[in-house]
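I begin with a helix and its surroundings, and then turn to the core, the charged pairs and a loop residue.

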Amino acid sequence: LALPLAEILFEKGDVDAAEKEINAYIALGSQNKAAYELLAKILDKQGRSSELVARIADAIKTDPDNPVLREYYVEQLIATGDLARAETELSSIEGRA
């Protein structure tokens, strides 16, 4: 329920409450891309988009075999211009395949 609630709160402009809900959702062990995409929107709206890469990296530590999350991490590394880390992570993903 936390993900849909976070989406509704975000759409209504209650960004702080949306962040609280999405953080609770992620804390319960959800490592899906949709949760992190919403978190990206929330952090961007708050002017904290630079925090996203670190948050995804932390999630990967708890779920290192999640290919969707790892690919999203690579996308975000590329978006931030960290091509060296993106290449390293991509090699790691390919090594797991």
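1. Which are the buried residues of H1? In this predicted model, the buried residues of H1 are Ala2, Leu3, Ala6, Leu9 and Phe10. When one looks down the axis of H1, these buried residues fall within an arc of 125°, so they line one face of the helix. The cover over the buried residues of H1 includes H2 and H3, and after H1 comes Gly13, which has a positive phi, near 95°.

2. The largest nonpolar core has 30 residues, and those with the most contacts inside this core are Ile22, Tyr36 and Ile56. At least two residues of this core come from each of helix H1 (2–11), helix H2 (15–27), helix H3 (33–45), helix H4 (52–62), helix H5 (67–79) and helix H6 (83–96). It is H3 that gives the most to this core, with 7 residues.

3. What does Ile22 touch, not counting residues up to four places away in sequence? With those residues set aside, Ile22 touches Leu3, Ala6, Ala35, Leu38, Leu39 and Ile42. Two of these, Leu3 and Ala6, are also among the buried residues of H1.

4. The structure holds 7 salt bridges, and one of them joins the side chains of Glu75 and Lys33, at 3.8 Å from N to O. Because Glu75 lies in helix H5 and Lys33 in helix H3, this pair ties together parts that are 42 residues apart in sequence. Both partners should be read with their accessibility in mind: Glu75 is partly exposed, with a relative accessible area of 39%, and Lys33 is likewise partly exposed, with a relative accessible area of 26%.

5. A further salt bridge, between the side chains of Arg70 and Glu89, has an N to O distance of 2.8 Å. This pair links distant parts of the chain, with Arg70 in helix H5 and Glu89 in helix H6, 19 residues apart. Are Arg70 and Glu89 buried or exposed? Both Arg70 and Glu89 are buried.

6. Elsewhere, salt bridges that share partners join Glu19, Arg48 and Glu51 into one network.

7. Finally, where is the place of Asn66? Asn66 sits in the loop between H4 and H5, and this residue counts as buried because its relative accessibility is 14%, which is under the 20% cut-off for that class. The side chain of Asn66 makes a polar contact with the side chain of Asp63, at 3.1 Å, and the side chain of Asn66 also reaches the backbone nitrogen of Leu69, at 3.0 Å.

Technical notes. Residues are numbered from 1 along each chain as its sequence is written. This is a predicted model: local features need pLDDT of at least 70, side-chain atom pairs count only at pLDDT 80 or more; totals for chains, interfaces and linings use all residues. Side-chain values use heavy atoms; hydrogens and water are left out. A nonpolar core is a set of buried Ala, Val, Leu, Ile, Met, Phe, Trp, Tyr and Cys residues joined through side-chain atoms within 4.5 Å. Buried means under 20% relative accessible area, exposed over 50%, partly exposed in between (1.4 Å probe, protein chains only). Helices (H or I, at least four residues) and strands (E, at least two) are DSSP runs, numbered from the N terminus. Contact means heavy atoms within 4.5 Å. A salt bridge is a side-chain nitrogen of Lys or Arg within 4 Å of a carboxyl oxygen of Asp or Glu. A polar contact is a pair of N or O atoms within 3.5 Å; within protein, one must be able to donate a hydrogen and the other to accept it, and residues adjacent in sequence count only if both atoms are side-chain atoms. The arc is that of the directions from the helix axis to the C-beta atoms.
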